[in-house]
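Me: Got a model open here and I'd like to walk through it. Can you take my questions as they come?

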Amino acid sequence: MFDFGIIPPAMFLGMVIFMLYGFPVAFSLAAVGLFFGIIGIVTGHFGAVWLQALPPRFFGILSNDLLLAIPFFTFMGAVLERCGLAEDLLEGTGKLFGGIPGGLAYAVILVGAVLGAITGTVAASVITMGVISLPIMLRYGYNPRLATGVIAASGTITQVIPPSLVLVVLADQLGRSVGDMYLGAIGPSILQVTIFVLFILVMSIIRPKSMPPLPKEVRGDFNWALLMKVLMGMVPSIVLIFLVLGTIFMGLATPTEAGALGVVGAIVLAAMNRRLTWPLIREAMASTTHITSMVVMILIGSTCFSLVFQGMDGSRWIEHMLSGIPGGPVGFLIFVNIFIFVLAFFLDFFEIAFIVIPMLAPVASSLGIDLIWFGVLICVNMQTSFMHPPFGFALFYLRSIASKDVKTSDIYMGALPWVGMQLILVAIVIFWPQSVTYWLDHGPKVDPNSIKIEIPGFGGQLGLPPMGGGNNGSPQIPGLTLPPLNGLPGAPPPPAK
């Protein structure tokens, strides 16, 4: 553990102590980094010139075009949270499925997935779902633990479904394309929704009384008017999803540009629902400013820490420790996911992404692990941070809007089966990487020996020599003879025979 000195472990321990004390994360990271930076200069680990890299790094953070996607997606989610779209979707879908056991639970999961694809924020989904569906579910006989669990789980799907903010941040930290991260997350997103729906199906068969169907007078008749109402709620959502994700996947827009399009689409939807008011815009702007400022400050603090940590050979220390884990890449992934699952009890996903991922990415790369697969896997794992007691933010959001009749213990206990299903997805992604990589475009496979270059004036084609040999590296062109390399002017004479 101390092959690279005692300072890298001491830095890591100091960071943990500051965070456990409750000091703000951004300032904790910066303080630990600068303190050990002074120690590094005094002890001769590096010169003072090493810390001169900090200002350019700060400027790089503030001028990073990719990170502009964060305020755009946050603002879009904040507007959609207040524009009434979720209410229309949930009301129509709830009546559509209300005639079967667990119908409302199906509706919450499906609408949560749609909201996840257009908002990208957990708070918006959980609060909206809780306010609208929780009173109805409890009123018509749903088990409180099941009702609160399905609502919290429907919101955390947002973490995996593009355009998730987690995927944007992980793409930046791993140095990979946001578009590829979004494509890689399609498979796990579908699997997560499928696992949740299958769980509801099984529960509706085993314990139908815990999720009874809605009475006929509540759900109304199943007719074309109901179908049209659901479609009128879905169509604007599908258009907005295309504006955000379709333009990225088709290469028509960068994630930042797609986020700007999403903001315009969210404002148009709010206007269509007659909810576009100045208070709505002001609240959305305040929420966006708060989250964006927090992200930038954590990034600046983590940059201070990581620069000094690298100067102290901390990255080599981490790689040395993790490369020797039994089981090769799979053993490494299992260990890392257990480690992040535990960290998620105490740290927010931004903090994990900015502090831990830069330490783990080089090790994953050295083990031959695809970083898109690695990033999506970490994202799937980090969605549990919103669900597991006692610090899951989705549970806090739900507690804030649930009535006093709903016990906190019911909210916590109701979340546990859904955390288990999220961990099942983590295991699936670890042992079935094609669930992520299948959706990626790896580009055409080209045989270099098949390449022909047309050269006008020579009456033929220039064929590349076979890889590894052929004519001393001199290609042959019909009608043109090239001298050997050792016969060029100024070249050394050929060796005497």
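Me: Which helices do the buried residues of α1 pack against?
Reply: They pack against α2 (25-43), α15, α16 (314-323) and α18 (349-355). Contact means heavy atoms within 4.5 Å. Buried means under 20% relative accessible area, exposed over 50%, partly exposed in between (1.4 Å probe, protein chains only). Helices (H or I, at least four residues) and strands (E, at least two) are DSSP runs, numbered from the N terminus.

Me: What should I know about the source?
Reply: This is a predicted model, where local features need pLDDT of at least 70, side-chain atom pairs count only at pLDDT 80 or more, and totals for chains, interfaces and linings use all residues. Residues are numbered from 1 along each chain as its sequence is written, and side-chain values use heavy atoms, with hydrogens and water left out.

Me: Back to α1. Which of its residues are buried?
Reply: Ile7, Pro8, Pro9, Met11, Gly14, Met15 and Met19. Helix α1 covers residues 7-21. Its 15 residues reach 21 Å from first C-alpha to last, close to the 21 Å expected at 1.5 Å a residue. The expected span is 1.5 Å times one less than the number of residues.

Me: And the whole chain? How many helices and strands?
Reply: The protein chain has 23 helices and two strands. Of its 497 residues, 48% count as buried. Take the contacts with a separation of 6 or more: residues 24 or more positions apart account for 76% of them.

Me: α15 came up. How far does α15 reach?
Reply: 49 Å from first C-alpha to last, over 34 residues. That is close to the 50 Å expected at 1.5 Å a residue. Just after α15, Asp313 takes a positive phi of about 65°.

Me: At what angle do α3 and α15 pack?
Reply: About 145°, with the axes 10 Å apart. Axes are lines fitted to C-alpha atoms, for helices over the stretch in contact, and angles run from 0 to 180 degrees between N-to-C directions. Helix α3 is residues 54-62 and helix α15 is residues 278-311.

Me: Is that crossing left-handed or right-handed?
Reply: The crossing of α3 and α15 is right-handed. A crossing is left-handed if the near helix is turned anticlockwise from the far one by less than a right angle, and right-handed if clockwise. On the α3 side, the contact is made by Leu54, Arg57, Phe58, Ile61 and Leu62. The α15 residues include Val296, Leu299, Ile300 and Thr303.

Me: Switching to aromatics. How many pairs are there?
Reply: A search of the whole structure finds seven. One of them is Phe196 with Trp418, edge-to-face, at 5.1 Å centre to centre and 75° between the planes. Rings of Phe, Tyr and Trp (its six-membered ring) pair if their centres lie within 6.5 Å; planes under 30 degrees apart count as stacked, over 60 as edge-to-face and the rest as tilted.

Me: Where do Phe196 and Trp418 lie?
Reply: Phe196 is in helix α11 (residues 186-206) and Trp418 is in helix α22 (residues 408-431), so the pair ties together parts 222 residues apart in sequence. Phe196 counts as buried, at 0% relative accessibility. Trp418 counts as buried too, at 1%.

Me: How are Phe332 and Phe374 paired?
Reply: They are stacked, 6.2 Å centre to centre and 20° between the planes. Phe332 lies in helix α17 (residues 328-343) and Phe374 in helix α20 (residues 371-382), so this pair links parts 42 residues apart in sequence. Phe332 is buried at 0% relative accessibility.

Me: Staying in α11: is Ser204 buried or exposed?
Reply: Ser204, found in helix α11, counts as buried at 11% relative accessibility. Its side chain reaches the backbone oxygen of Leu201 at 2.6 Å. Not counting residues up to four places away in sequence, Ser204 touches Pro101, Tyr106 and Met211.

Me: What about Leu252, buried or exposed?
Reply: Leu252 is exposed, with a relative accessible area of 58%. Leu252 lies in the loop between α13 (224-249) and α14.

Me: Last one. Where is the cis peptide bond?
Reply: It joins Pro162 and Pro163, with omega about 10°. Pro163 sits in the loop between α8 (144-156) and α9 (165-174).

Methods
A polar contact is a pair of N or O atoms within 3.5 Å; within protein, one must be able to donate a hydrogen and the other to accept it, and residues adjacent in sequence count only if both atoms are side-chain atoms.
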